[in-house]
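Let's take a walk through a protein model together, one piece at a time.

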Amino acid sequence: MQEFSKFPTKTGRRSLSRSISQSSTDSYSSAASYTDSSDDEVSPREKQQTNSKGSSNFCVKNIKQAEFGRREIEIAEQDMSALISLRKRAQGEKPLAGAKIVGCTHITAQTAVLIETLCALGAQCRWSACNIYSTQNEVAAALAEAGVAVFAWKGESEDDFWWCIDRCVNMDGWQANMILDDGGDLTHWVYKKYPNVFKKIRGIVEESVTGVHRLYQLSKAGKLCVPAMNVNDSVTKQKFDNLYCCRESILDGLKRTTDVMFGGKQVVVCGYGEVGKGCCAALKALGAIVYITEIDPICALQACMDGFRVVKLNEVIRQVDVVITCTGNKNVVTREHLDRMKNSCIVCNMGHSNTEIDVTSLRTPELTWERVRSQVDHVIWPDGKRVVLLAEGRLLNLSCSTVPTFVLSITATTQALALIELYNAPEGRYKQDVYLLPKKMDEYVASLHLPSFDAHLTELTDDQAKYLGLNKNGPFKPNYYRY
C-alpha cells in the first residue's frame, strides 16, 4: 500500500501493477493476443524492425515477442504429431523444393507449424493474415524471427489488410508459383492487381466455403486460369475442422467474451451445414433451446431429425437470446432483424466472411457504439436497447478465442498434401478447374492421426478385398460416399 501511495494517478497504478505482474511471472500468455493490452499505438507499417539475422523482410506488431511465440509454436507441435511426422518423412525428399508459396490464412501457433513444415519440405513462403482479428502477434513475430516473410498483426485496418497481401505478392526478384488461400481474398487480389503472376502459378489450394465458392464462380465463368484444389470439401476438413472444431470452439468464444450461461437460453443458428451441426450439438448439450434456419430441405430435415425446430428468422427474432450465423452467405441478419431483437441479445458469426451480419447498417448517427472489452461491442438504440455484437461480425472462434490444435493438425496436413500434389503433378493431370482432394490422400491424413488414440485398423483379407472389389490398402470408399 505504501508503494501504491507513491502513484496517486490511475495511470501510475496501472503501470506499477503491470510491471509487478511481468517481473514476477517472467512469462507471456497467449491470451495477450486476444486483448488490447499494448500501449504502443504506432502502426507496424511505420516501424523499422529487424530480426536477429538483420532481415527486415516482414511486418509484425513487435519482433521482440518472438521468444514467447516460439513457445506457443512448440506447444502446438505437441498435438500436431501427424504434421510433424509428415515433416520428418518427407524432409529428405524435399517435395516442395523450388516452390514459392504465397499464403493468406489465420496466423496462429497451429498455422505456424504448417508454414514451418512447408519450409522444411523445401518451400519459400510469404504470408499474410486472412482475418484482421485472428493473428497471434507473438506467433507472427516468431515466424519473422525464423526468416519467414510474414505481414500480419492483430487489429489491422481494412487498408492494412490489403497492404499486407500486396506486400506478400509484390516483391522484386520473387514470384510465387503456388497459392494457399483461406477465404479467396489473396486469389482475388492477384486476379485484380497482378494477373500476370498466374503465368507461373501451378495451382491454388483453398480451404474455406467462401473461397471455394469464389473459385467455382471463376471456373463457371471460364476465368480460372490454373488448377485449384478444394480442400474445404475434403472429408478430413468437412468432418473434423468444420464439425468437431466448431463444436468445441463456439462455446469457448461465447464464454470468453460474454460469460453467458447457456442453460435455458434460446438460440437461433442460421445454417445447418457442418459448422452449424457442430455449434448446435454443443449448445444443446448445455441445455440451450436451439432453433435452426435453413434454405436446404435436406439439411432442414437433418435438423428436425436431430431434435431441432426449423424456423424462419423473422418468427423467433424477438424472443431469442443469441443469434449465430454460419451460412457462408451475405445479409443473413439484416438491420430489420437487428431492430427487432430483444435487449442484450448476443449476435455473432461463425462463418469465414464478415458479410453474414449487416454490420455496416449499424454505423449510423442514431446508434451508439460502446466498446465493452476486446471484440465485444454494445450497439445502443435511441430507446436504450443494447445488442451485444461480437468481433464486429467476423469469425467468432478465431477472433475471440482459440481452436483445438489437434483438429487443425488434420486440416494443415491436408493442405500440405494438396500443395505437394499440385506442385509435383505432371503436366496435364490437372486442368484449369476445381478439384477435390483424392480419396487416397484423405485416408492417408486420417491414418496419420490414428496413433494419437492408439487406434488399430482392421486389415482386409485377400478374400474379403476381392469380395468388396477393393484394394487392401484403399481407397475404401468411392468418391460419392457420404461419411
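An axis here is a line fitted to C-alpha atoms, for helices over the stretch in contact, and the angle between two axes runs from 0 to 180 degrees between N-to-C directions. You'll want both ideas, because two packed helices are described by the angle between their axes and the distance between the axes. One thing to keep in mind as we go: this is a predicted model.

Now try that out on a pair of helices. Helix α3, residues 66-78, packs against helix α6, residues 137-145, at an angle of about 100°, and their axes are 7 Å apart. Angles of 65 to 115 degrees count as roughly perpendicular, so α3 is roughly perpendicular to α6. Who does the touching? On the α3 side you'll find A66, F68, G69, R70, E72 and I73, and on the α6 side E138, V139, A141, A142 and E145. Sorted by class, this contact has six nonpolar, one polar and four charged residues.

Let's stop at one of those residues, E72, which sits in helix α3. Is E72 buried or exposed? Its relative accessible area is 13%, and buried means under 20%, so E72 counts as buried.

Eight strands form an open sheet with mixed pairing, in the order β9-β8-β7-β10-β11-β14-β13-β12. The edges belong to β9 (309-310) and β12 (368-373); each has a single partner strand, so one side of each is left without a neighbour in the sheet. Helix α10, residues 235-258, packs on this sheet and touches β10, β11, β12, β13 and β14, with its direction making about 130° with that of β14. Zoom in on β13 (residues 376-380) and β14 (residues 386-390): they run antiparallel and are joined by five bridges. Within that pair, I380 stands opposite R386 in β14.

For C225, the nearest cysteine sulfur is that of C104, 18 Å away. C225 counts as partly exposed, at 31% relative accessibility. For C270, the nearest cysteine sulfur belongs to C326 and is 7.3 Å away, and C270 is in no disulfide. C270 is buried, with a relative accessible area of 0%.

Methods: Residues numbered from 1 in each chain as written. Predicted model: local features only at pLDDT ≥ 70, side-chain atom pairs only at ≥ 80, totals over all residues. Heavy atoms only, no water. Pairing = 2+ DSSP bridges. Helix = DSSP H or I, 4+ residues; strand = E, 2+ residues; numbered from the N terminus. Contact = heavy atoms within 4.5 Å. Disulfide = S-S within 2.5 Å. Buried < 20%, exposed > 50% of the residue type's maximum accessible area, 1.4 Å probe, protein only. Parallel < 35°, antiparallel > 145°, perpendicular 65-115°, else oblique. Nonpolar A, V, L, I, M, F, W, Y, C, P; charged D, E, K, R; others polar.
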